[in-house]
Amino acid sequence: MINNLIASSIPILPKWFIKFFSKPYVAGETIEEVIGHIKTINDSGFAATVDILGEHVSDVNTSFEITTEYCQLYDRINQLSLDCNLSIKPTHLGLELSLDTALKNFETVINKAKENSNFLRLDMENSLYTDNTFTIYDYCKKIYPNVGVVLQAYLKRSIKDAETLAKPGFNARICKGIYKENPDIAYQDQNEIRDNFLRLVKIMIQKQAYACYATHDQYLIDRIIEIIKDRKLNTNQFEFQVLYGVPMAGRLEELAKNGYKVRVYVPFGSEWYEYSLRRLKENPNIVGYILKNLFSKNTY
Ligand SMILES: Cc1cc2nc3c(=O)[nH]c(=O)nc-3n(C[C@H](O)[C@H](O)[C@H](O)COP(=O)(O)OP(=O)(O)OC[C@H]3O[C@@H](n4cnc5c(N)ncnc54)[C@H](O)[C@@H]3O)c2cc1C
């Protein structure tokens, strides 16, 4: 309730105040700023995936501009030999305008990924876009296979999606899911979501697909490691992923020390304010996270 109260009063708070709280989670506003943060992350022993903040673009020209910016990022990453790929929200490249617009923009981006021998992740947004995101994924995969999707553990459909899609060469990020979804289609109970997450982990392993475990939940990380050890899984079959700025109390260093790959999701861009408001409105729990994190130290 307190989280809801704080979240609803955020739009009336001054922008500088919001910036103070969102700063640890946003890696600057320009390409050069984010590149500096990615270098630091790489120097700390972690890979990165970068995202330009923003979504739901409302005109085609903006979607073209964002597409161009993502292409510039691929070039810059390649020039500097950074260990970093891209994560893109389909509505940021025009999916809300039309599937055709999104396909056109993703075709440009996937060709750029190919030119730079890099990888493209399609982030998963709310359930309204799930089917079309898989359509874009199929389209990109035909052009260049280094592309992956996200399976959200809170969605009841995800087990079936994993069973249909997972095979050698399939690459999926597994996460709990951040959007507000209807109980008809999504688990609401945290334990059910964790159980479904672990079911997805097992399917990915059984089908020899590449899995990216995106969670800060230490309980889940412990269970995933137990499964990985039990199945004697090779370390090149999976990675752990976390969000930039979320304190992990030394866990990332420990994972890296044990030979596990860790990738940090790095959002940046001028739209940090609109993005923060939207996220907080959709998920007031984030207020609680931010307050808790204020008292923890971050790694990089
Ligand atoms: C790399 C990565 C990529 C993601 N991509 C997607 C995606 O494409 N689609 C999607 O729906 N969701 C995505 N998510 C969000 C994910 O679905 C969860 O909502 C989020 O990670 C919180 O779940 P958790 O597993 O960390 O566990 P929780 O139990 O929710 O969180 C554990 C702890 O982590 C910290 N924490 C978690 N989230 C945040 C946050 N946002 N800010 C500050 N602290 C936080 C808090 O300290 C919290 O107590 C992604 C998450 C990660 C790590």
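1. Buried means under 20% relative accessible area, exposed over 50%, and partly exposed in between, with a 1.4 Å probe and protein chains only. Arg-157, at 29% relative accessibility, therefore counts as partly exposed. Asp-161 has a relative accessible area of 13%, so this residue is buried. The two side chains meet in a salt bridge, at 2.7 Å from N to O; the term stands for a side-chain nitrogen of Lys or Arg within 4 Å of a carboxyl oxygen of Asp or Glu.

2. On provenance: the model is predicted, local features need pLDDT of at least 70, side-chain atom pairs count only at pLDDT 80 or more, and totals for chains, interfaces and linings use all residues. Residues are numbered from 1 along each chain as its sequence is written, and side-chain values use heavy atoms, with hydrogens and water left out.

3. The salt-bridge count comes to 16. One network, joined by salt bridges that share partners, holds Asp-51, Lys-89, Asp-123 and Arg-173. Within it, the side chains of Arg-173 and Asp-123 meet at 2.8 Å, N to O. This pair links distant parts of the chain, 50 residues apart: Arg-173 is in strand S5, and Asp-123 is in the loop between strand S3 (120–122) and helix H6 (130–143). Both Arg-173 and Asp-123 are buried. Helices (H or I, at least four residues) and strands (E, at least two) are DSSP runs numbered from the N terminus.

4. A local case is Lys-112 with Glu-115, a salt bridge whose closest N and O atoms are 3.2 Å apart. Both residues belong to helix H5 (residues 99–115) and are 3 residues apart, about one turn of the helix. Lys-112 counts as buried because its relative accessibility is 15%, whereas Glu-115 is exposed at 56%.

5. The ligand has 23 residues around it, of which Gly-177, Thr-215, His-216, Tyr-289 and Lys-292 come nearest; a residue is included if one of its heavy atoms lies within 4 Å. A nitrogen atom of the ligand is 3.0 Å from an N or O atom in the side chain of Arg-173. Ligand oxygen atoms lie 2.9 Å from an N or O atom in the side chain of Lys-176 and 2.8 Å from a polar side-chain atom of His-216. Taken alone the ligand exposes 920 Å², and the protein buries 89% of that (Shrake-Rupley method, 1.4 Å probe). Strand S4 (147–152), strand S5 (171–175), S7 and helix H12 (285–293) each give two or more residues to the shell.

6. Gln-241 lies in strand S7 (residues 238–243). Its relative accessibility is 4%, so Gln-241 counts as buried. Leaving aside neighbours within four places in sequence, Gln-241 is in contact (heavy atoms within 4.5 Å) with residues including Arg-121, Arg-173, Thr-215 and Arg-263. The side chain of Gln-241 also makes a polar contact with that of Glu-239, at 2.7 Å. A polar contact is a pair of N or O atoms within 3.5 Å; within protein, one must be able to donate a hydrogen and the other to accept it, and residues adjacent in sequence count only if both atoms are side-chain atoms.

7. Two backbone angles deserve a check. Most residues other than glycine have a negative phi. Ser-81, not a glycine, has a positive phi of about 50°; Ser-81 lies in the loop between helix H4 (60–79) and strand S2 (84–88). Gln-208 has a positive phi of about 55° and lies in the loop between helix H8 (190–206) and strand S6 (210–214). Ser-81 is exposed at 66%, and Gln-208 counts as exposed at 52%.
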